There are 2 protein chains.
Amino acid sequence: MQFPELKNDRYLKALLRQETDTTPVWIMRQAGRYLPEYRATRKQAGSFLDLCKNPELACEVTLQPLRRFELDAAILFSDILTIPDAMNLGLYFAEGEGPKFKKPVRTQADINKLFVPDPTESLSYVTDAVTLIRQELDGQVPLIGFSGSPWTLATYMIEGGSSKDYHHSKGLLYSDPKALHQILDIIAQSVVVYLNAQIEAGAQSVMIFDTWGGVLSPSAYEEFSLRYMQQIVEQLTREYDGKKIPVTLFTKGGSQWLEQTAATGCDAVGLDWTISIDEARNRIGDKVALQGNLDPNVLYADPEIIQQQVKHLIDKFGPHNGHVFNLGHGIHQTVNPDHLKVLVDAVHDYGRKIRS
Amino acid sequence: MQFPELKNDRYLKALLRQETDTTPVWIMRQAGRYLPEYRATRKQAGSFLDLCKNPELACEVTLQPLRRFELDAAILFSDILTIPDAMNLGLYFAEGEGPKFKKPVRTQADINKLFVPDPTESLSYVTDAVTLIRQELDGQVPLIGFSGSPWTLATYMIEGGSSKDYHHSKGLLYSDPKALHQILDIIAQSVVVYLNAQIEAGAQSVMIFDTWGGVLSPSAYEEFSLRYMQQIVEQLTREYDGKKIPVTLFTKGGSQWLEQTAATGCDAVGLDWTISIDEARNRIGDKVALQGNLDPNVLYADPEIIQQQVKHLIDKFGPHNGHVFNLGHGIHQTVNPDHLKVLVDAVHDYGRKIRS
């Protein structure tokens, strides 16, 4: 496929720890419910899942935040549960209750039915969306593809939805670790083919969201989450069409294990807001780039305070290459979009200032 | 008041890092919904709040787990929201929705109405329960009193209940830190008089639960949570009736800030399960005792695995004084009580073995 030439490569350069004119910024869940135009498109689509499975509308909501803010990357609008959905577990969204699976994975018989979905078949709506977005972006900024981590996906598959206490998934972890490893192995294989298909379809960088890695003990994190993310990193297409494809790993609540995460061979590590970015940088040096890590709640404050907090964070990272500015978690749905504009502009202004 | 002599002081000794014959153990939420006898008493009481406010029934549920398991401490059955309730914020529990306040604290006018509750008045049901439990315990094990931390209580008071994103409380933190400090200061003063009243009424050790400290950034944790816990530690009655009253601080998700927490002057720090207890001990030496930190989900596994995990944790702590065995968080309500018996017995058996 031929795509228009990339005009703004700040984000990709920062992930590879190369010099940039200012600090690049994108925002987790930048295409989301805080935007009235997103809510309108979502209504038009029907359900959340209908929106994810409609490439034209997924493309539309992906591009919406870029029309308002000078963001340095677009991220595919999708859900982390596309893989278990393609494994025929019966994903649905109960209003106000979050994702659910009709057929949770609990027994060996359930495990035996799992398979690696062919992304050109049941997940083609994702790769179609990737290609369409990449075309529509017209080289404005790079496109990020993504997946959930094996452990994070496994928790939803085993619990049959979200969980407060991880009763079944951690029950399996402690009672029958071999069975859990079987599940994680199939998911990890699936993530590899899924992300490589996104890269072939046009994703210029990929990110793995380990949303629930932080609920594990340190040894369980290494054995049941990090190990599989490392396998994926090793098997991903890291160069495509002559361009490097940077990989970012993000474990929410995982800053204790920063060194181990940085040692997987990924290009960048995402940080939540519970660690100081200067401490993070002291601990890992320039081994990987760092993405993050403003508390999303700063966006509830007044513009001057948002600007102060942005400056403070950029100062803490210091005059190094390899910082991608982001929140430490997804933007909250009740944030005023104008406040995000203040943040994005402040990042670019101050990022330029600190470099001159 | 005269109370019967204490027969088992393992828990108090371990908190003071003195030698014990085996590792003491108690369990967060040991008086709780996983016990059928608790559910029966709760039904008899009416609502959860009715149970908290009835000293006889609060005493009954406090003692229930001690009849089943050889626990080394009892903990007052109560709720962390007793203080804001005594501030007349209108605490109620909506079934299945958690705690709510009719009058959340949002404006300066709301703040001006806050006051330090007199524990001999609106909180006398708590001190009455403490004295009754202490009498009924008959010296079997020591009694732990407790409170929520100022920051944790403030989140409920400002949000008007539980929160997913801390919209209002963190909004205030970033927009009007002075107003938040006013609130925290009144709560901290209230916690001091409240815990000192519990100590006078018979509590032999106190613990402060900072359930939501872990959602803060490092600098916000120091300024808005830790600072107030330190103030409390400094003003607590640390010796009563010739006996030391050890103080334990527990910030869920706070193991990154272990050194700072240990430096407050407390006797012990509670750990959640996301840190290895050997790493925690390496970081703070024997400056304080450590309480924790088994993943509560281990109790869903088979007895042999529970025993293995207990041994593994005690081995990791090593042959030192100053370990109080506990889970890293409250026991889940769907745990089989027989599994807790396996855990408690394994702690004592292996704790004895490692010392001989």
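The model is a predicted one, in which local features need pLDDT of at least 70, side-chain atom pairs count only at pLDDT 80 or more, and totals for chains, interfaces and linings use all residues. Residues are numbered from 1 along each chain as its sequence is written, while chains are lettered from A and ligands numbered from 1 in the order in which they are written.

The fold of chain A comes to 15 helices and 11 strands. Its C-alpha atoms fill a box of roughly 60 × 45 × 40 Å, taken along the principal axes. The radius of gyration, taken over C-alpha atoms, can be set against a globule rule of 2.2 Å times the number of residues to the power 0.38; for 356 residues a compact globule would have a value near 21 Å, and the 19 Å of chain A agrees with this. A residue is called buried if 20 or more other C-beta atoms lie within 10 Å of its own, exposed if 12 or fewer do, and partly exposed in between, with C-beta atoms placed from the backbone. Buried residues make up 54% of the 356 residues in chain A. Two residues are in contact if their C-beta atoms, placed from the backbone, lie within 7 Å, and among the contacts in chain A with a separation of 6 or more, 73% are between residues 24 or more positions apart.

How are the two chains related? Copies are superposed by least squares on the C-alpha atoms of residues with pLDDT of at least 70 in both. A rotation of 180° with 0.0 Å of shift along its axis brings chain A onto chain B, with an RMSD of 0.0 Å, which is the relation of a two-fold axis. The same surface serves both copies, in that 100% of the contact residues of chain A recur in chain B. Of the residues of chain A, Q256(A) comes closest to the rotation axis, its C-alpha lying at 3.4 Å.

The contact between the chains takes 26 residues from chain A and 26 residues from chain B. On the side of chain A that touches chain B, the largest share, five residues, comes from helix α9 (residues 167–175) of chain A. For the classes, Ala, Val, Leu, Ile, Met, Phe, Trp, Tyr, Cys and Pro count as nonpolar, Asp, Glu, Lys and Arg as charged, and the others, Gly among them, as polar. By that scheme, the side of chain A that touches chain B has nine nonpolar, 13 polar and four charged residues.

Within chain A, one pair of helices can be followed in detail. Axes are lines fitted to C-alpha atoms, for helices over the stretch in contact, and angles run from 0 to 180 degrees between N-to-C directions. The axes of helix α2 (residues 36–45) of chain A and helix α4 (residues 55–68) of chain A come within 10 Å and cross at roughly 175°. Angles under 35 degrees count as roughly parallel, over 145 as roughly antiparallel, 65 to 115 as roughly perpendicular and the rest as oblique, so α2(A) is roughly antiparallel to α4(A). Helix α2(A) contributes E37(A), Y38(A), T41(A), Q44(A) and A45(A) to the contact, and α4(A) contributes L57(A), E60(A), V61(A) and Q64(A).

Some details of the backbone also deserve a look. A cis peptide bond joins G292(A) and N293(A), with omega about -5°, and N293(A) lies in strand β10 (residues 289–294) of chain A. In chain B, a cis peptide bond joins G292(B) and N293(B), with omega about -10°, and N293(B) has its place in strand β10 (residues 289–294) of chain B. R17(B), in the loop between α1 (10–15) and α2 (36–45) of chain B, has a positive phi near 60° although the residue is not glycine, and R17(B) counts as partly exposed, with 19 C-beta neighbours inside 10 Å.

Lastly, L137(B) lies in helix α7 (residues 124–137) of chain B and is buried, with 23 other C-beta atoms within 10 Å. Leaving aside residues up to four places away in sequence, L137(B) touches A74(B) and L143(B).

Definitions and conventions:
Helices (H or I, at least four residues) and strands (E, at least two) are DSSP runs, numbered from the N terminus.
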